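Colleague: I'd like to go through this one with you, bit by bit. Shall we put it on the screen and start?

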Amino acid sequence: MSYWWLKTCVILNGFCLCFGLNRDEIIFHYNNTYKYNEPYTVAVSKNTEYIMEFGGDFEAYDTPARVTVASDFANQTYPLFITARQQKGVFSWQLPMTVQTLNGLEKFTNISRTLCPHNNIFSEDEDTCHMTSLNTPIVHLTSSSPDPISVTILVETVEDFYIKLNTTTNLTSTPSQPKYYFYPFDQRKNKIVDMATPSERKKYLCSGEKGLLNRNLDIDYGWLSKPKSVILMIESDDDICALVSIQNFACPVFDNERDILYDGYYLTMTRRGGITLTQDMFPIGFYIVFIVKTSDEDCSGQSISNATLPKMAQYFGWDDKVSVPTNDGRVKSFSLRVIETISYREYMIAAGTALGFFLSFYIAFIIVIVCQRRRRDHETLLPPITPHDNSQVSFIRPTLDGSSGSRYCAGDLPTKTDGSSSSDTDSDLSTVDDVNTESNLYLQGNKLCVANLSRCRPRVLSARSKMYLWNVLTVAVFYTLPVIQLVITYQRLLNQSGNQDLCYFNFLCAHPLVVLSDFNHVYSNLGYILLGFLFLIEVWNRHRKYVDVNLGIPQHFGLLYAMGIALVSEGLLSAAYHVCPNSMNFQFDTSFMYVTSVLCMVKIYQSRHPDINARAHATFGVLALIIFIGLVGVLNANFYFWVAFTVLHLVTCLVLTFQIYYLGRFRWEGAVIYKALTEFVRQPLAAVTPTHCGRCVLLVIANLGNWAIAAYGVTQHSRDFASHLLLVLMSNLFLYTLFYIVMKLLHRESIRWYSWVFIALTYTVWFSSSYFYLDLSTNWALTPAQSRQNNKVCSLLQLYDSHDIWHFMSSTAMFFSFNMYLTIDDSLSHVPRGDIAVF
């Protein structure tokens with residue numbers, strides 16, 4: 001009896017052990033009959049685990065499986081662990097998924113993951129020949145919860161996993177349900193993804209019949225016609241912040257915010273995103289991963305208002321609070337499209353067209369030179385109507401009292417004959433008595449002529465003018481070299497990190513070439529360089545023919561050379577900036593625009609004030625201050641800075657107004673101000689009545705324009721302070737140029753026909769180009785995601801966008817304006833300087 005009892009106990013214990021009736025044992029439920037696209041609900045606890053093997057239909061084996069697991073009962077204390085295993089790769093995650101946000105921890109109880117396709121048919125790796133063709137993932141569910149947790153699991157195939165060229169794919173995603181798709185380069189234009197061809201290719205690859213493969217399946221393209229890159233275009237109809245990652249053809253595919261930093265490229269977006277991808281970077285194809293972020297901070301910037309702003313700032317609308325509307329549940333919809341970019345042939349056509357356009361200016365210059373020489377040769381063959389007598393040319397400059405004066409100015413008398421450079425750098429070009437006499441006579445209403453303000457020898461004027469050339473060359477060299485080094489570092493960092501938010505490209509029209517991620521925006525600066533060198537040739541051609549015979553406007557060729565060098569430097573620095581444009585290097589793009597505008601204003605002023613003009617070191621000192629102000633404005637353009645700059649702007653305009661009205665002879669001295677106040681009290685009407693009405697009206701208009709610009713800057717308070725500063729300088733340059741032209745006409749001075757052509761072309765091209773400048777395709781003052789909303793496709797020759805057109809037109813406009821300044825006084829070349837008015 002005891003034997004049978006013992007035998008019965010052993011059998012019962014074995015039965016309990018096998019079927020998990022012991023409370024301390026774990027029961028494993030394994031089943032290999034689970035089907036795709038059917039939801040299953042199971043109960044998991046510390047004593048019950050499930051190992052579920054899914055099998056699908058044969059037609060679905062070419063697409064990966066997507067696992068969705070949901071449970072409202074799992075918590076942080078007893079989470080649910082999910083492990084998905086395939087033949088090549090293991091993936092694991094847990095429920096609930098917790099994410100740290102600004103408002104605390106956010107939990108997600110529904111998670112979906114796409115399993116990396118272990119046997120992608122587009123793979124040409126021979127190791128994959130031994131992979132099974134069956135896609136049967138095994139999902140393991142486990143938890144430490146003492147109570148059963150209800151879990152729902154669904155395994156399905158991914159629809160439209162292979163992206164078709166020129167076809168729109170729509171999808172939705174949430175923070176806990178990232179998705180990704182695969183784009184293969186091996187597909188034909190305007191056709192669906194050919195699944196048969198890669199299958200046959202892989203069949204021949206694995207069988208070793210590569211000759212037959214190359215003969216039957218490969219299509220030979222010409223290197224000029226074969227497309228090497230595509231543009232990925234993504235649209236969305238909401239402002240929810242998302243991450244898009246581009247990863248190479250490999251497993252695993254990273255589909256969470258932390259892991260995407262380690263592979264491929266990634267970018268943030270809200271409503272629009274895009275990137276150009278080349279087959280050199282992704283030989284077979286690339287994965288496109290969509291991840292919805294749990295907060296919008298990375299896309300919208302700071303969402304916390306600045307409580308320290310004064311009430312006046314709030315009155316002007318200075319509220320930094322940003323409100324981004326989002327959908328409930330943070331479900332974001334995407335519209336995905338992949339299109340081909342231009343071929344190498346189209347690259348060459350577009351680049352050659354731009355080069356040919358600017359070289360046509362050289363051809364026109366050569367034609368003009370040839371015509372001038374033929375005309376000169378024809379005139380030398382004709383007998384003169386009256387004999388030319390050099391003795392009739394006067395070399396004596398008139399003084400204010402009408403008597404003949406010395407040809408030499410004070411401080412530059414011919415006492416030095418050793419050629420010392422001290423006379424070349426002497427800044428005291430007239431005595432105090434002469435200055436006071438001229439000032440008093442002018443203030444009394446007497447006319448002032450250029451001869452009164454050009455008493456220095458030509459050699460002294462030339463030496464002073466050359467200082468502008470050497471200063472701008474020095475600044476250009478020491479400014480450009482570190483900039484180039486910095487942007488090369490930016491480009492390397494962009495390539496290595498894959499962070500597309502580093503640079504503010506127009507991603508829908510950023511064509512890579514060699515090491516440049518945005519070739520077209522760099523190349524379009526070619527016009528500044530070519531036209532800058534052409535202007536230098538023009539100045540040199542005039543310089544070698546020029547002889548100072550006390551006729552016409554005294555020429556300052558060093559200043560003209562400096563303008564040409566500034567134009568070339570602007571092209572180099574703008575090209576460097578567009579290697580990786582962002583807020584930290586935007587001043588590289590505008591610095592020499594500041595220099596150019598100031599040099600042009602100095603050139604206009606020097607035309608009528610040769611001796612009393614600002615020296616080169618003072619001019620570049622002012623430019624250094626302007627660039628410093630621009631730098632501070634870019635880094636911290638807060639309310640107080642804008643108020644201080646506006647006050648400085650308006651005070652500067654007031655000072656320059658008095659200087660221009662009194663032809664540079666006004667001095668801010670106590671005696672002068674006291675005298676003006678005394679006259680105002682004694683005779684108020686006569687004191688405020690302008691002596692020179694035409695000049696006064698023009699200056700009032702210019703001041704009203706500056707007041708308008710200042711008011712616009714304070715009310716708009718854009719972060720893009722550098723552009724506002726450029727607007728101030730360029731607007732004043734246009735106004736001063738217009739002032740100079742009107743004053744010439746009021747003094748009955750003629751303007752040559754070709755100068756009128758340059759004037760018309762200058763203002764026409766400038767105002768036309770402003771449209772393309774304002775047609776923003778990027779904006780570094782915003783976040784990268786917000787800037788991408790402005791991205792636009794190429795609009796010219798499939799290679800250039802509106803900003804490239806701005807480069808072309810602005811360089812052409814600057815060249816025309818330089819020629820306008822060069823030739824506007826050609827009609828005075830044979831007029832005695834005593835007959836040329838100062839204004």
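Predicted model: local features only at pLDDT ≥ 70, side-chain atom pairs only at ≥ 80, totals over all residues.

Colleague: How many bridges join S1 to strand S3?
Modeller: Strand S3 covers residues 48–55, and S1 and S3 run parallel. Within this pair, Asn 31 stands opposite Met 52 in S3. The number of bridges joining S1 to S3 is seven.

Colleague: Which strands stand at the edges of the sheet?
Modeller: The sheet is open, with five strands in mixed pairing, and the order is S1-S3-S10-S5-S6. A strand at the edge has a single partner, so one side of it is left without a neighbour in the sheet. That is the case for strand S1 (27–35) and strand S6 (89–95).

Colleague: And what does the twist average from one strand to the next?
Modeller: We're still on the sheet with the order S1-S3-S10-S5-S6. From one strand to the next, the twist averages 15°.

Colleague: On to helices. Are H8 and H12 roughly parallel or roughly antiparallel to each other?
Modeller: The axes of helix H8 (residues 458–497) and helix H12 (residues 586–608) come within 11 Å and cross at roughly 170°. Angles over 145 degrees count as roughly antiparallel. Therefore H8 and H12 are roughly antiparallel.

Colleague: Which residues of H8 make the contact with H12?
Modeller: On the H12 side, the contact residues include Phe 588, Phe 592, Val 595 and Leu 599. On the H8 side, they are Tyr 468, Val 472, Val 475, Ala 476, Tyr 479, Val 483 and Leu 486.

Colleague: Now charges. How many salt bridges does a search of the whole structure find?
Modeller: Side chains of opposite charge can pair when their charged atoms come close. Searching the whole structure for salt bridges gives eleven.

Colleague: Arg 271 forms a salt bridge with Asp 239; how many residues apart are they?
Modeller: Their closest N and O atoms are 2.9 Å apart. Arg 271 sits in the loop between strand S16 (265–269) and strand S17 (272–278), while Asp 239 is in the loop between strand S14 (229–235) and strand S15 (242–248). The pair links distant parts of the chain, and the separation is 32 residues.

Colleague: Which residues are linked with Lys 293 in a network of salt bridges?
Modeller: Lys 293 is buried, with a relative accessible area of 7%. Its side chain meets Glu 257 in a salt bridge (2.8 Å, N to O), and Glu 257 is partly exposed at 31%. The network links Lys 293 with Glu 257 and Asp 298.

Colleague: Last one: Glu 538 has no salt bridge, so what is the nearest side chain of opposite charge?
Modeller: Glu 538 is found in helix H10 (residues 526–543) and is buried. Leaving aside neighbours within four places in sequence, Glu 538 is in contact with Phe 365, Phe 815, Asn 819 and Leu 822. A salt bridge needs the atoms within 4 Å. The nearest side chain of opposite charge is 7.0 Å away, and that is Arg 542.

How values were computed. Residues numbered from 1 in each chain as written. Heavy atoms only, no water. Helix = DSSP H or I, 4+ residues; strand = E, 2+ residues; numbered from the N terminus. Buried < 20%, exposed > 50% of the residue type's maximum accessible area, 1.4 Å probe, protein only. Lys, Arg positive; Asp, Glu negative; His and termini not counted. Contact = heavy atoms within 4.5 Å. Pairing = 2+ DSSP bridges. Axes fitted to C-alpha atoms, helices over the stretch in contact; angles between N-to-C directions. Parallel < 35°, antiparallel > 145°, perpendicular 65-115°, else oblique.
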